[in-house]
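Dear colleague,

Please find below the sequence and structure that I am handing over to you. A summary of the findings follows.

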Amino acid sequence: MNILKHILPISQQLSKCLATVNTQQVFAALQRHAAPSAVRAISTTAPRHDLMQFFDDKKNWGEQEVKHGRGWTKDDLRIKSNSDLHQLWFVLLKERNMLLTMEHECKEKMELFPSPERLDKVKESMENLEEVVRERNRAYYELETGETGERPGKVVPNELGIRFYYRAFEHVIPKYANRKWNERHKFTFGGSAVWKFLRLYRERLYNEKRKLRNRERNEVVHLLRRFPNIDRETLAQRFPTVDVEKLYKLDKIRMNHSVKSGSSSSST
């Protein structure tokens, strides 16, 4: 009955002035005469420039660099509420779409895309946001059910013997009766050709790691010879796979350092 008391005068007023008022005036009449508990206030977004939202601000067109801030870290996102994270996700999604559009447009016109690191920061922020949401979901499910709530999965090999992480998902048909699924998902391998491929593939991976390790070692040796007083702790953090102290004790590096010190003393 209370709702009818609020609705009847509104309907009478709308029937009298519907032909002469526009939509915004109708909304204003609703908000003036309706009680807050009866009718929820209508919210609308601000008008935008339709498809121009896919493009950057015009003042940034043709610029070599665009000022921007840092990305969202996990510590920043952990103090946000779920609604804030939901809103931030769409803000980042819109920003990513805009940057991808601008990047494509610059490639089409053969122009320089200003500050391309913005796209990396947006992607990193979205990945951090997804990780924070997963943390909250895992905490909730572990508290309520004792499980993580994540989709189960396991590491399995494909037909070529390469291992990958497979996430399971639900099917209407059981696994033993699902012929199409069993044909597409074969987690076994065998045969002389496959074993030969695995041997050559592992050899290639080993050679790539060995070459990378040698390149880093040679770079550290070059830096130590050129800058004998370089901070070795910072160098060890920059190259964690290289034993900097062991290289510093090599005869060639120490000899080079002594030659440089001797030449500098003789010149003085």
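**Aromatic residues and nonpolar cores**

Trp 181 is buried, its relative accessible area being 8%. Please note that the model is a predicted one.

Trp 181 pairs with Phe 187 in an edge-to-face arrangement, with 6.2 Å from centre to centre and 80° between the planes. Phe 187 is partly exposed, at 21% relative accessibility. Seven aromatic pairs were counted. Another of them joins Tyr 166 to Phe 187; this pair is tilted, at 5.2 Å centre to centre and 55° between the planes. Tyr 166 belongs to strand 2 (residues 163-167), whereas Phe 187 lies in the loop between helix 6 (179-184) and helix 7 (192-226), 21 residues apart. Tyr 166 is buried, with a relative accessible area of 14%. One aromatic cluster takes in Phe 164, Tyr 166, Phe 169, Trp 181 and Phe 187.

The largest nonpolar core has 14 residues, of which Leu 77, Leu 92, Leu 99 and Leu 129 touch the most other members. Helix 4 (82-108) and helix 5 (117-144) are the elements that give two or more residues to this core, and helix 4 supplies the largest share, seven residues. Beyond its neighbours within four places in sequence, Leu 99 contacts Phe 113, Arg 118, Leu 119 and Val 122. A second, separate core consists of nine residues, including Val 220, Leu 223, Leu 235 and Phe 239.

Two arginines are placed over aromatic rings. Arg 238 lies over the face of Phe 239, 4.7 Å from the ring centre, and the charged end of Arg 232 sits over the ring of Tyr 248, at 4.1 Å from its centre.

Yours sincerely

Technical notes
Residues are numbered from 1 along each chain as its sequence is written. This is a predicted model: local features need pLDDT of at least 70, side-chain atom pairs count only at pLDDT 80 or more; totals for chains, interfaces and linings use all residues. Side-chain values use heavy atoms; hydrogens and water are left out. A nonpolar core is a set of buried Ala, Val, Leu, Ile, Met, Phe, Trp, Tyr and Cys residues joined through side-chain atoms within 4.5 Å. Buried means under 20% relative accessible area, exposed over 50%, partly exposed in between (1.4 Å probe, protein chains only). Helices (H or I, at least four residues) and strands (E, at least two) are DSSP runs, numbered from the N terminus. Contact means heavy atoms within 4.5 Å. Rings of Phe, Tyr and Trp (its six-membered ring) pair if their centres lie within 6.5 Å; planes under 30 degrees apart count as stacked, over 60 as edge-to-face and the rest as tilted. A charge sits over a ring if NZ of Lys or CZ of Arg is within 6 Å of the ring centre and within 35 degrees of the ring normal.
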